[in-house]
Amino acid sequence: MKLRPHEWLLTGLDGGHPLAFLATLGTLRTATLAWQEEPAPTLRWAIAEGAWRPVLSLPCVTDKEILLAGLHDQLKKMEEHPAFAVGDNLNFTETQFRSLAATAQSRYDVDPIMADFLSAFACEAAREEKGELLADTAFRTMRGAGHQHFIKTMRELIANTTIEQLEASLFSQWRYEETGLSLRLDPADDRRYALRWKEPSGDPCRTERGANRLAVEALPFFPVQPVGRRLETTGFTTRPRHGTFLTWPIWGNAIRMEVVLSLLSLSSLQEERPLRPELAARGIFEIFRCQRITLGKYRNFTTATPV
């Protein structure tokens with residue numbers, strides 16, 4: 001594939017893999033925040049090395065070291081950001097969340113990031129079916145059981161991800177060389193006994209640290225909103241007796257972050273059998289879907305398939 005000097009083929013990321021897709025969105029958002037001059041960064045997909053791979057366009061960057069340094073510096077700015085100081089988990093009461101939302105609103109003109117993440121975490125207008133806690137994002141995979149904490153894991157990823165780990169996840173075949181610090185968004189995190197050669201408790205979980213870190217930055221692409229008495233997360237649909245599914249598009253045109261947001265929210269993507277001609281007219285070449293499953297006190301995502 002022939003690329004322009006300012007285009008980057010992210011060969012480590014597979015558009016048909018849920019964690020890799022989220023890492024792709026996180027990369028686009030991070031690049032948009034890091035390089036705010038016009039023209040803005042864009043993203044498209046192309047088939048390379050047997051999969052849909054993201055092509056990131058950064059008109060002001062033609063050196064790989066500058067690209068990685070810029071991404072890493074922007075990601076490190078999130079260390080100790082108030083968006084991740086809301087607790088270890090998404091255990092909000094209505095009063096607590098209203099207070100956080102008021103703080104985010106008051107500082108929006110200076111720093112909209114807290115509001116971006118809060119809108120993806122929860123909403124004070126929808127509670128869980130039982131108890132006083134608010135309902136939260138469909139991406140939440142853990143809530144303290146087994147010492148696994150959703151927001152705390154994000155803080156640790158922010159503090160402990162190196163530029164080398166980012167480069168490995170973006171540009172190399174994933175080798176799962178790190179242990180721990182997983183958001184449980186990778187199908188490989190499904191560690192049921194029947195699917196493993198070794199007994200899971202004695203086999204440390206191995207992860208792609210850079211991809212998990214970038215996936216944190218993708219959450220603002222998926223805001224939540226109340227629908228009736230339920231809380232719905234952008235990109236998800238729940239079908240009675242079938243389960244909860246995440247669906248995402250693969251597009252061919254180079255588009256900005258704001259346009260990606262609009263694509264992800266297309267209701268036609270959530271149809272059981274999306275109308276491909278209609279979506280193709282919008283530049284969508286492929287649609288992937290995976291299921292979110294619950295295993296005991298944890299959630300996981302299954303391997304995705306084309307819809």
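This is a predicted model: local features need pLDDT of at least 70, side-chain atom pairs count only at pLDDT 80 or more; totals for chains, interfaces and linings use all residues.
Residues are numbered from 1 along each chain as its sequence is written. Local features need pLDDT of at least 70, side-chain atom pairs count only at pLDDT 80 or more, and totals for chains, interfaces and linings use all residues, while side-chain values use heavy atoms, without hydrogens and water. Helices (H or I, at least four residues) and strands (E, at least two) are DSSP runs, numbered from the N terminus.

Three strands form an open sheet in the order 1-3-2, with antiparallel pairing; two strands pair if DSSP finds at least two bridges between them. Strand 1 (7–9) and strand 2 (42–48) are at the edges with a single partner strand each, so one side of each has no neighbour in the sheet. Strand 2 is joined to strand 3 (residues 51–57) by 7 bridges, and A46 stands opposite R53 in strand 3. Helix 1 lies across strand 2 and strand 3, at about 145 degrees to strand 2.

**The helix pairs**

Axes are lines fitted to C-alpha atoms, for helices over the stretch in contact, and angles run from 0 to 180 degrees between N-to-C directions. Contact means heavy atoms within 4.5 Å.

| Pair | Axes come within | Crossing angle |
|---|---|---|
| Helix 1 (residues 18–34) and helix 8 (residues 257–264) | 10 Å | roughly 145 degrees |
| Helix 3 (residues 94–106) and helix 4 (residues 113–121) | 8 Å | roughly 150 degrees |

Helix 1 uses F21, L25, L28, R29 and T32 to touch M257, V260 and L264 of helix 8. In the other pair, F97, L100, A101, T103 and A104 of helix 3 meet M114, A115 and L118 of helix 4.
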